[in-house]
Amino acid sequence: MNVNLIIHRQLSAREILVVGDKWKELYDFFQEGAKKYGIYFYTYKNNNVPFFIGKCTAKSFNILGRVWDELDDCDRGSSWLGKDISLLEEFEQFNEGDPNGGSFNPWKKITGKNLKNKIKRFLDNLIVTFSYIDTNEDTRIIDKILSDIEIILQEKLIERHILSKNWIDSSSLNGHDHTKNYTIDPVYKMEGSFFKIDPSIFV
């Protein structure tokens, strides 16, 4: 199955963690048609290799709402990002060829001093890239396609030793041989300055 993954918006965490009219304007943008649901990528600074890939198929809020919830929880130190991420400087070292990178687990609990500063530094440097799929299928089929794509992309990062299976719930990768039948074509529809997600994860 050929899937066009339309990559259409790239925002910093600080652009997402806004309130009032700015938030409503952003949220309304993601309410337009297929933009409600999709795949999103977390990258650090200008590194184009994602360290987290997620999806949104929720009916109660759109993809921006999903990401805002994650980042807000992180900012308050009350959920998985806030209490489990390691310093992303370690992730950068891993991408630069750290020989110990293959066993690095970013979801381990942050401990020690300056927790607030660590979370602030993470959010100050986090970039989120949003995408949706170009299809006329009904919602049930879109849900399945997005779930399959999320698994495929996570597997690509594991195969390339960018991620270990400890980084994600690897049980979700079992029994999905059918996902090998997908061809994912990233299509960029963005204006202004942006960087492309490492193209090798789509191959």
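Buried here means under 20% relative accessible area and exposed over 50%, with partly exposed in between, for a 1.4 Å probe and protein chains only. The model is predicted, with local features needing pLDDT of at least 70 and side-chain atom pairs counting only at pLDDT 80 or more, while totals for chains, interfaces and linings use all residues. Residues are numbered from 1 along each chain as its sequence is written, and side-chain values use heavy atoms, leaving out hydrogens and water.

**View A. The aromatic pair of Trp-23 and Trp-68.** The whole structure holds 10 aromatic pairs, where rings of Phe, Tyr and Trp (its six-membered ring) pair if their centres lie within 6.5 Å, and planes under 30 degrees apart count as stacked, over 60 as edge-to-face and the rest as tilted. Trp-23 and Trp-68 form a tilted pair, 5.7 Å centre to centre with 45 degrees between the planes. Trp-23 counts as partly exposed because its relative accessibility is 22%, and Trp-68 counts as partly exposed because its relative accessibility is also 22%.

**View B. The aromatic cluster around Tyr-42 and Phe-51.** Tyr-42 and Phe-51 form a tilted aromatic pair, 6.2 Å centre to centre and with 55 degrees between the planes, and both residues are buried. Together with Tyr-40 and Phe-52, they form one aromatic cluster.

**View C. Charged ends over the rings of Phe-29 and Tyr-37.** A charge sits over a ring if NZ of Lys or CZ of Arg is within 6 Å of the ring centre and within 35 degrees of the ring normal. The charged end of Arg-9 sits over the ring of Phe-29, 4.6 Å from its centre, and that of Lys-59 sits over the ring of Tyr-37, 5.9 Å from its centre.
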